[in-house]
Amino acid sequence: MLINIENLHFSYGIHEIFKDLNLSVNEKKQIGLVGRNGTGKSTLLKLITGELVPERGHISTKNGLSIGYLAQEPAIAESMTLGEMLTSVFQSLIDMEKRIKHIGDQIAKSSGDAQEKLMTEFGELQETFSKKRGFEYPSRIRGVINGLGFKPEDLDKPFSVLSGGEKTRATLGQILLKEPDLLLLDEPTNYLDIDALQWLEQYLKGYSGTFIIISHDRYFMDKVCTSIIEVSQQNIKEYLGNYTHYAVKKRQNIMEQNHQYQQQMKEIKHQEEVIKRFRAYNSIKSSKRATSREKALNKIELMDKADVVHNSHFSFVPRVRSGNDVLSVNGIRKAFAGRLLFQNMSFEVHRGDKIGIIGANGAGKTTLFKIIQGKLQADSGEVRFGQKVHIGYFDQEHQDLKKFYNENLLEAMWDVDSKLSEGEIRNILAAFLFVGEEVFKPINTLSGGEKARLLLARLMISQSNFLLMDEPTNHIDMDTKEILESALSQYEGTLLFISHDRYFLNRISNQIYQFSTNGMEIHLGNYDDYLRHKSEASEREMLLAEENKVVITKTQQKTDRKKQKEQEAKIRQLKKQVKEIEDAITAQELEIKKAELAMCQPDFYDYPDNAAEITRFYEEKKLSLAELTDEWEDALTNLEEL
């Protein structure tokens, strides 16, 4: 066992993050950490590293455990170059290599005992160097450099001049080269293009240690994780399998929990009715039975109704229907400062297409979108739109919101459609999880995820029939992604989008355009179809088989079916019996009420024979009712046991 957490409590001020948290992490585990923003995923990693200290509880680690931690904001010496960063991981091997070379030079100059001593040390160092894979470290550095999308010339760049994304990739590369026993990676897929994502997937699949990864990349989680830990309500729950298995199992658990909750509510109501009936009989025996059932009812541990996340939904509805030919791009070329971004860019978009564009970071995909919108001028080529085409644009950098810097969400929405009432806008914003006073928040106070949701809300009311979307799933949580996917899958207009979110590409696209310097390579189908066409990766791994799965023979299946049918028949018979007894009880109660009514008449005893007959009838019915009640309770008990 690498890590054991027992009864951990942790809070930020009055905000409780974890309560009675227990977790064990064994060797060779591939864990994905999921949960809504703010539930404590990054906090849990910081507690494991010791960066944060729990208020109560205990965290124990294996002796000598080495941990590699990729934080969302890596801290590296700004003066180090990228090459120095990566090479420093192997400093002990580099020193050993220098020592081996030095001893080799000394051996040639010495003789006798001194030479023999040097040769012994030389042999021992060479053996140690080989065992520690000293001959491999230069190729390992090259592998990480290439895999994470750096160029050889980047090695001489100081860390301080790298972009935010490059710094994250550099820090990730340094951590991977260290090969610690435990990898803790907080959003490692941010700033990685698809090629780098695929490289990281292959690296982690072959990783001999344990890793815990926080990521919003569902496709990535499917590829590398064999268990998912969900952080929710100050605690955690583990699911075996990858992300898709977790998502299916979680939905099943929610449905099952709500079913059990409904069944419990139904049973409680039933027992309350039974108790009420017993109380109505007003006999010593029935009162005891009612009291007994009340005690049993009070001991029932009430279940919680499952929290169904995101009941909200929305849809993009085009104002008008475009012509069949939506967009034609012919021979577009674009270069900046003598650097060619792309050329020979030609493709067509037709009504109803949902096209996902993939390609390396910095290749020019966003530039192409700006040319299509007329915000940039191409060096050559032509862009033509079809009839009645109305464009809606989702900008990953949220530039469209900068003009509303000091304004609120309502004002940003009215900018798109001033005819909408405040109530209508509030309802729309609620679908994007902005409720109550949140609609008055200034735009400059919104997080990246909140800005993305606001842009989606603006796009929805624009009623555009041709959506251009640049990385629409960046910065939004998994639940919001699923809602967006549901809306776009039903969208009746045309969609052209840039994305590295392969899960999103799989669900939405009916074509994949692979962007390159020399134009588009077009593939029909979704992302998985694209992979099969290109033979760049194997098919998605099968979901983990359920543990301890029992193989049932045909004979056993027949026996089980027979037993099930017999039990179902018994249940039907008992239900019928209970119903018949209840009907008989109702009839007896009616007869008793009639007799009681007659016995209450002022002249009842004026006719002795008739009074005796009614009294005898009354006593018989009371006795019969008691017998029926006993019979009904026995049948009810048998039915409940089944």
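What percentage of the 642 residues of the protein count as buried? The figure is 43%, with buried meaning under 20% relative accessible area, exposed over 50% and partly exposed in between (1.4 Å probe, protein chains only).

## Ground rules

This is a predicted model, so to speak: local features need pLDDT of at least 70, side-chain atom pairs count only at pLDDT 80 or more, and totals for chains, interfaces and linings use all residues. Residues are numbered from 1 along each chain as its sequence is written, and side-chain values use heavy atoms, with hydrogens and water left out.

## The overall picture

The protein has 19 helices and 18 strands, counted as DSSP runs (helices are H or I, at least four residues; strands are E, at least two) and numbered from the N terminus. Its radius of gyration is 36 Å, well over the 26 Å that the globule rule gives for 642 residues, so the protein is more spread out than a compact globule. That radius is taken over C-alpha atoms, and the rule is 2.2 Å times the number of residues to the power 0.38. Along the principal axes, the C-alpha atoms fill a box of roughly 140 × 85 × 60 Å.

Now for contacts, meaning heavy atoms within 4.5 Å. Of those with a separation of 6 or more, 70% are between residues 24 or more positions apart.

## A helical stretch

An unreviewed UniProt entry annotates residues 564-598 as "coiled-coil region"; such annotations may be inferred rather than shown by experiment. In the model this span is 100% helix and 0% strand, and its end C-alpha atoms lie 51 Å apart.

The buried ones are Lys365, Thr367, Leu368, Phe369, Ile371 and Ile372. Just after H11 comes glycine 374, with a positive phi of about 85°.

Arginine 140 sits in helix H5 (residues 137-147). Setting aside residues up to four places away in sequence, arginine 140 touches Phe90, Arg133, Leu177 and Glu179.

## Glycine 331

Over in strand E10 (residues 325-336) we find glycine 331, which is partly exposed at 32% relative accessibility. Beyond its neighbours within four places in sequence, glycine 331 contacts Asn344, Met345, Ser346, Ser380 and Gly381. Asparagine 258 is 73 residues from glycine 331 along the chain, and their C-alpha atoms are separated by 57 Å.
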